[in-house]
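Hi there,

Here is the structure I promised to pass on to you. Have a look around first, and then read on for what turned up in it.

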Amino acid sequence: MHCELLISGLLSPHRLLSEDAAAKRLPSLELLLGRGRRNDGDPLSAERWLLRAFGCDDAPLAAGALTLLADSDAAGGNGATDALWIRADPIHLRLGADGFLLVPSAALTISRAEAESLAEAINVHFASVLTVYPLRPERWCARLATLTAPDAAAPLELAGRSVNANLPHGPEAKRWHAILNEIQMLLHDHPVNRAREARGEPTLNSVWLWGGGPLPREAKSRWRSVSADDAIALGLARLAQTARWTLPAGADDWLARSPHEGRELAVLDQLCAPLALGDEAAFGEGLQALEAHWFAPLLEALRRGRIGMVTVHVPDAGASFETIRSDLRRFWRRARPLASYAG
């Protein structure tokens with residue numbers, strides 16, 4: 001069995017952690033990286049890496065349509081293949097020295113009831129333009145009625161950055177900017193946001209439109225199954241007719257439900273939000289959790305021959321590390337601190 005892990009941000013502790021926190025050792029991960037072979041390529045976002053891996057590299061990132069596939073069992077009936085979908089994630093706009101700054105949903109606590117109430121208000125007001133579906137409280141999609149989809153980066157990529165400098169662009173950008181302003185005015189005085197403000201919570205005072213485009217015609221998978229919480233990964237797996245699973249708590253559960261032959265992919269994105277939000281404590285805790293629940297069990301499974309290879313893909317660093325059982329005998333290749341692999 002060949003276990004593959006996709007982990008964005010893994011080689012970025014130097015960007016966030018203090019010197020003392022970065023010095024904490026991760027013995028199982030360090031041994032896997034130190035004894036294995038490193039392959040370098042182009043740095044990519046996790047989404048672009050997944051598109052390339054599934055043979056959709058020439059297609060736009062249709063995050064809306066792929067999310068619909070991932071989160072809706074009746075995706076075909078909802079028109080994922082014959083309609084234009086876009087992500088419309090709830091965000092908080094925070095006033096800063098340089099204007100409004102974007103706070104993504106990953107940094108917010110949103111209930112199902114709040115999401116449904118806000119989406120309903122948007123749908124009543126903008127029925128002729130778009131229909132919003134809060135598939136998950138923090139992950140919304142919108143079906144476009146008439147306009148061309150705007151082009152914008154994902155909200156997590158823009159965390160803490162100026163909204164004005166990163167507004168959606170495209171052939172109908174001015175119209176979309178006007179619609180976003182209307183949405184902000186609509187949500188400003190909504191009962192959900194009045195209640196959140198009274199509790200001292202950030203309001204959900206806008207949505208962020210990104211990832212519009214048609215669903216890729218087809219996708220091809222080299223894996224028997226894909227385990228993830230990431231909607232892009234799960235949507236591509238469904239498109240490729242590959243088994244897909246919710247990400248388990250750790251490698252022990254992952255191996256228990258996996259066959260003894262073939263390739264399996266797990267998308268571990270726990271570091272993405274802490275890295276984007278600059279949360280040192282959460283980032284450090286995420287690294288330690290990956291060590292305890294994923295790398296240590298996989299190293300032990302490799303030693304015992306339960307699996308034959310572990311590959312760790314770090315797309316934003318353009319690096320992959322392959323380790324087979326016999327590599328563990330290369331005692332002269334010493335484990336090094338994770339930060340030494342950065343750059």
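Let's start in a loop: Ala149 sits between strand 6 and helix 7. Is this residue buried or exposed? With a relative accessibility of 18%, Ala149 counts as buried, because the cut-off for buried is under 20%. Please keep in mind that this is a predicted model. Setting aside neighbours within four places in sequence, Ala149 is in contact with Leu84, Ile86, Leu144, Trp176 and Gly212. Take Ile86 from that list: along the chain it is 63 residues away from Ala149, yet the two C-alpha atoms are separated by 7.1 Å.

Two other single residues are worth a click. Asp89 belongs to strand 3 and, at 3% relative accessibility, counts as buried. Beyond its neighbours within four places in sequence, Asp89 has contacts that include Arg139, Trp140, Pro155 and Trp208. Ser8, in turn, is found in the loop that runs between strand 1 (2-6) and helix 1 (13-16). Its relative accessibility is 10%, so Ser8 counts as buried. Leaving out neighbours within four places in sequence, Ser8 is in contact with Ala46, Leu268, Leu271, Cys272, Pro315 and Asp316.

Now for the nonpolar cores. The largest one has 45 residues, and Leu50, Phe54, Trp208, Val226 and Leu236 touch the most other members. Several elements supply at least two residues each, among them helix 4 (46-53), strand 3 (85-96), strand 7 (206-213) and helix 9 (231-239). Which helix gives the largest share of this core? That is helix 9, with seven residues. There is also a second, separate core of 38 residues, and Leu5, Ala251, Leu298 and Leu328 are included in it.

Apart from neighbours within four places in sequence, Phe54 is in contact with residues including Ala219, Trp223, Val226, Leu236 and Ala240. Ring pairs also link Phe54 with Trp49 and Trp223 into a cluster.

How many aromatic pairs are there? The count comes to four. In one of them, the ring centres of Trp254 and Trp294 are 5.6 Å apart and the planes stand at 55 degrees, so this pair is tilted. Trp254 is part of helix 10 (residues 251-256) and Trp294 of helix 12 (residues 280-304), so the pair ties together parts that are 40 residues apart in sequence. Trp254 and Trp294 are both buried.

Finally, some helices. The axes of helix 4 and helix 9 come within 10 Å and cross at roughly 10 degrees, which means that helix 4 is roughly parallel to helix 9. Where they meet, Glu47, Leu50 and Leu51 come from helix 4, while Ile232, Ala233 and Leu236 come from helix 9.

Helix 6 (residues 112-125) has 14 residues and reaches 20 Å from its first C-alpha to its last, close to the expected 20 Å. Its buried residues are Glu114, Ala115, Leu118, Ala119, Ala121, Ile122 and Asn123. The buried residues of helix 6 pack against strand 5 (130-136), strand 6 (139-144), helix 7 (173-188), helix 8 (191-198) and strand 7.

Enjoy exploring!

Best wishes

How values were computed. Residues numbered from 1 in each chain as written. Predicted model: local features only at pLDDT ≥ 70, side-chain atom pairs only at ≥ 80, totals over all residues. Heavy atoms only, no water. Phe/Tyr/Trp six-rings, centres within 6.5 Å; stacked < 30°, edge-to-face > 60°. Helix = DSSP H or I, 4+ residues; strand = E, 2+ residues; numbered from the N terminus. Buried < 20%, exposed > 50% of the residue type's maximum accessible area, 1.4 Å probe, protein only. Core = buried A, V, L, I, M, F, W, Y, C linked by side-chain atoms within 4.5 Å. Contact = heavy atoms within 4.5 Å. Expected span 1.5 Å × (residues − 1). Axes fitted to C-alpha atoms, helices over the stretch in contact; angles between N-to-C directions. Parallel < 35°, antiparallel > 145°, perpendicular 65-115°, else oblique.
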